[in-house]
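I opened this entry to note what I looked up, item by item. Sequence and structure come first, then my notes.

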Amino acid sequence: MTRRIISLLLENESGALSRVAGLFSARGYNIESLTVAPTEDASLSRMTIVTRGSAEVLEQIIKQLNKLVDVVKVTDLSEGPHIERELAMVKLRAVGESREEYKRLTDIFRGHIVDVTDTTYTVELTGTGEKIDAFIDAAGEKGILEVVRTGACGISRSERSLTV
Amino acid sequence: MKLSGAQIVVQFLKDQGVDYVFGYPGGAVLHIYDALFGQEDIKHVLVRHEQGAVHAADGYARSTGKCGVALVTSGPGATNAVTGIATAYMDSIPMVVITGQVATAYIGSDAFQEVDAVGITRPCVKHNFLVKNLKDLPGTLRKAFHIATTGRPGPVVVDIPKDITDPTIKIDYTYPTDVSMRSYNPVVKGHWGQIKKALELILDAKRPMLYTGGGVVLSNSSAELTEFTRALGYPITQTLMGLGTYPATDKQFVGMLGMHGTYEANMAMHECDVLIAIGARFDDRVTGKLSSFCPAAKIVHIDIDPSSISKNVRVDIPIVGDVREVLREMLQMLKAESRRPDAGALQLWWQQIAEWRGRNCLAFDRKSQLIKPQAVIETLYKVTRGEAFVTSDVGQHQMWAAQYYKFDQPRRWINSGGLGTMGFGLPAAIGVQLANPDATVACVTGEGSIQMCIQELSTAMQYRTPVKIINLNNRYLGMVRQWQEFFYEGRYSMSYVDALPDFVKLAEAYGHVGMRVEKPADLEAAMTEAFALKDRVVFVDIITDQTENVYPMIAAGKGHHEMHLAPERELA
Ligand SMILES: Cc1cc2nc3c(=O)[nH]c(=O)nc-3n(C[C@H](O)[C@H](O)[C@H](O)COP(=O)(O)OP(=O)(O)OC[C@H]3O[C@@H](n4cnc5c(N)ncnc54)[C@H](O)[C@@H]3O)c2cc1C
Ligand SMILES: Cc1ncc(C[n+]2csc(CCOP(=O)(O)OP(=O)(O)O)c2C)c(N)n1
Ligand SMILES: [Mg+2]
């Protein structure tokens with residue numbers, strides 16, 4: 001079971017997303033995360049899917065994605081050097097000593113405190129999934145009120161790009 | 001030309017060359033039915049159940065290679081069509097199904113007869129569309145036909161809300177001749193280098209085997225396959241879906257393979273050293289246990305759908321492309337090539353195959369007092385001189401039809417392989433007959449299956465489609481009974497069909513001819529009489545041996561070499 005990050009361009013049509021999501025559930029493929037948004041070309045959306053599977057399953061996933069009529073292009077980012085980022089917002093119970101502690105922790109992780117109340121901080125954080133995991137770990141279960149993560153999006157390094 | 005959406009649907013179908021539409025009206029498609037009224041270019045066939053409409057369109061498509069077309073209303077019309085759509089999907093049949101939808105303003109409001117047809121059908125179509133703007137209608141219909149008929153074919157659903165077909169709103173219409181889709185461009189031509197490599201491997205073979213399937217039917221490459229197979233002199237086996245693309249009466253044909261394939265075909269699969277898979281998808285009914293599938297073979301696979309390749313079985317030389325294109329290229333290479341197959345090795349291989357053939361795995365008791373189902377199919381073959389279109393339902397009768405009717409031509413054997421849909425046979429036969437008005441059409445069925453779409457007897461009367469129904473009546477859901485006998489120690493749970501109708505009277509009630517045959521001695525005469533009634537539907541109810549099983553059989557999860565033969569043929 002290896003982890004793969006797959007990037008695809010699909011027609012910006014209603015229903016296109018459910019075709020992809022439906023494919024994964026119907027064929028029993030794993031989805032760790034899925035993100036989607038329009039691109040600079042309004043007729044296209046770009047989706048990033050993080051999945052896990054054996055080599056055979058991953059090969060089928062790519063083939064099945066390519067087979068969907070709304071899918072214009074598919075690439076497996078994990079095949080080459082690439083950059084992966086996820087955004088998280090973490091609401092922390094920040095009272096007493098922990099107010100200072102959480103501020104320091106946020107700085108160490110190069111996050112930003114984007115909302116402050118008497119008793120809470122909301123921290124915005126971008127990075128790899130591991131970095132966000134590490135932050136959550138460090139913040140400790142007791143302090144965390146709420147976590148929201150976007151799931152990963154990715155792009156290949158250098159000249160290689162996913163375009164039509 | 002200014003047309004309403006409803007008129008555009010009809011005009012588009014004419015421009016697309018559609019001659020038959022199979023359907024059933026209802027609120028959401030009434031505008032379209034009104035546009036159909038009084039014109040004669042499109043012949044609409046009114047079925048008795050939407051499942052029947054889709055199966056009839058499917059039979060039409062399978063027997064002609066053209067795109068089948070069905071038209072149904074929203075809600076229950078669409079849901080009734082789903083079994084038919086899934087059937088076509090599993091066997092890659094080109095088809096466009098137009099479903100009515102509630103008006104756009106009502107979508108999502110649980111309106112009367114609203115279902116999310118696009119959502120429900122999504123997993124069993126090649127693609128589907130919801131038409132949201134009238135101006136998109138012609139282009140969408142054009143894309144639907146394009147997608148359904150190219151690449152690996154399949155059903156496409158076009159869901160049209162009622163307001164889109166409003167007769168008072170008209171727009172300019174011209175048939176969109178061009179269709180281009182950046183996201184859909186199936187590969188047709190095979191990779192030259194791969195074809196070359198494959199041919200080398202094929203010529204190196206000592207124990208070669210051709211394994212060919214529905215892709216040969218779908219690509220209309222029966223002639224190329226026959227030429228290629230004869231040029232090589234190799235044994236050929238076919239899947240249930242491939243039958244007829246190579247003449248079954250030819251000596252190089254070793255019969256169907258798989259769960260109910262012949263002994264020689266399955267043994268040759270097990271022992272071959274080079275397997276040439278053409279337009280076949282390594283289905284579990286064919287491969288049996290994957291870990292003991294063709295243990296000694298290097299595998300070449302020609303298929304237009306990359307996702308069929310190395311899905312279940314890893315192949316050594318994949319060739320993505322249309323069977324016909326690839327075989328033509330390979331034949332040219334073969335002609336230019338000085339090397340020929342290894343005659344010595346081939347002779348030994350054929351000797352081995354002859355030995356397996358000697359087991360005579362399809363022999364059956366010809367002296368029985370009861371009518372043997374196998375004898376029925378042999379008689380059918382004889383009476384129709386092997387030239388009939390044979391549709392079938394699902395069960396034992398289907399397997400016997402496949403084993404004992406020797407199809408020498410493609411598109412003559414019409415059955416639901418992938419989904420295994422009981423109820424397919426009769427409506428499909430109606431579609432076949434309409435597409436081939438002068439042909440002999442037989443529907444081989446069982447007393448279980450026929451009752452799943454029996455209402456289409458009424459359609460057959462309305463459209464005078466003189467199909468012959470050959471009902472192998474064993475008073476059992478025979479295929480289920482067989483599994484219960486083998487794997488559940490004879491606990492025949494719910495496989496005995498009690499309270500059967502009198503099929504003769506039933507046929508007569510629909511205005512057809514009914515016949516019952518109970519003795520082996522009467523079989524041929526009855527069948528001859530039935531087929532002589534050229535312009536009538538004849539329901540031949542044949543009371544067969546209830547306990548007969550389909551042999552050979554590979555139990556699910558077993559290998560090709562672990563076949564069961566009929567008890568009397570099993571070696572001690
Ligand atoms: C009761 C029952 C018992 C059965 N027992 C058996 C059995 O014993 N043996 C058996 O064989 N089957 C059996 N089946 C049928 C089985 O379930 C499958 O439907 C069948 O084996 C699939 O056949 P196929 O591999 O030819 O594939 P098909 O479903 O016909 O698929 C066609 C393949 O060809 C490809 N293709 C399509 N168009 C082209 C083109 N233009 N160029 C190139 N490739 C193309 C497709 O991508 C696909 O991979 C049984 C079914 C039932 C209901
Ligand atoms: C719609 C549907 N329901 C259930 C099945 C499971 N099934 C496969 S074969 C069979 C029995 C068919 O009985 P019959 O038509 O009498 O044919 P026989 O096997 O007796 O020849 C059944 C129930 C199926 N294939 N399709
Ligand atoms: Mg039966």
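I began with residue classes: Ala, Val, Leu, Ile, Met, Phe, Trp, Tyr, Cys and Pro count as nonpolar, Asp, Glu, Lys and Arg as charged, and the others, Gly among them, as polar. This is a predicted model, where local features need pLDDT of at least 70 and side-chain atom pairs count only at pLDDT 80 or more, while totals for chains, interfaces and linings use all residues. Residues are numbered from 1 along each chain as its sequence is written, and chains are lettered from A and ligands numbered from 1 in the order in which they are written.

**Ligand 1.** I looked up what surrounds ligand 1. A residue counts as near if its C-beta atom, placed from the backbone, lies within 6 Å of the molecule. I found 37 residues around ligand 1, and the closest are Gly213(B), Gly214(B), Gly215(B), Gly258(B) and Gly417(B). In chain B, α8 (214-218), α11 (284-287) and α15 (396-404) each give two or more residues to this shell. Helices here are DSSP runs (H or I, at least four residues), strands likewise (E, at least two), and both are numbered from the N terminus. The largest share, three residues, comes from α8(B). By class, the shell around ligand 1 has 13 nonpolar, 16 polar and eight charged residues.

**A helix pair.** Next I checked α3 (residues 50-64) and α16 (residues 425-435) of chain B. They pack at an angle of about 45°, with axes 6 Å apart. Axes are lines fitted to C-alpha atoms, for helices over the stretch in contact, and angles run from 0 to 180 degrees between N-to-C directions. The pair α3(B) and α16(B) is therefore oblique. Angles under 35 degrees count as roughly parallel, over 145 as roughly antiparallel, 65 to 115 as roughly perpendicular and the rest as oblique. By class, the contact of α3(B) with α16(B) has ten nonpolar, six polar and one charged residues.

**Chain A.** I counted four helices and nine strands in chain A. Its C-alpha trace spans about 55 × 35 × 30 Å along the principal axes. Of its 164 residues, 29% count as buried. Buried needs 20 or more other C-beta atoms within 10 Å of a residue's own, exposed 12 or fewer, and partly exposed is in between, with C-beta atoms placed from the backbone.

Which peptide bond is cis? I found the one from Tyr551(B) to Pro552(B), with omega near -10°. Pro552(B) sits in the segment after β20 (538-543) of chain B. Arg411(B) is not a glycine, yet has a positive phi of about 65°. Is Arg411(B) buried or exposed? Arg411(B) is buried, with 21 other C-beta atoms within 10 Å. Arg464(B) also has a positive phi, near 50°. Arg464(B) counts as exposed, with 12 C-beta neighbours inside 10 Å.
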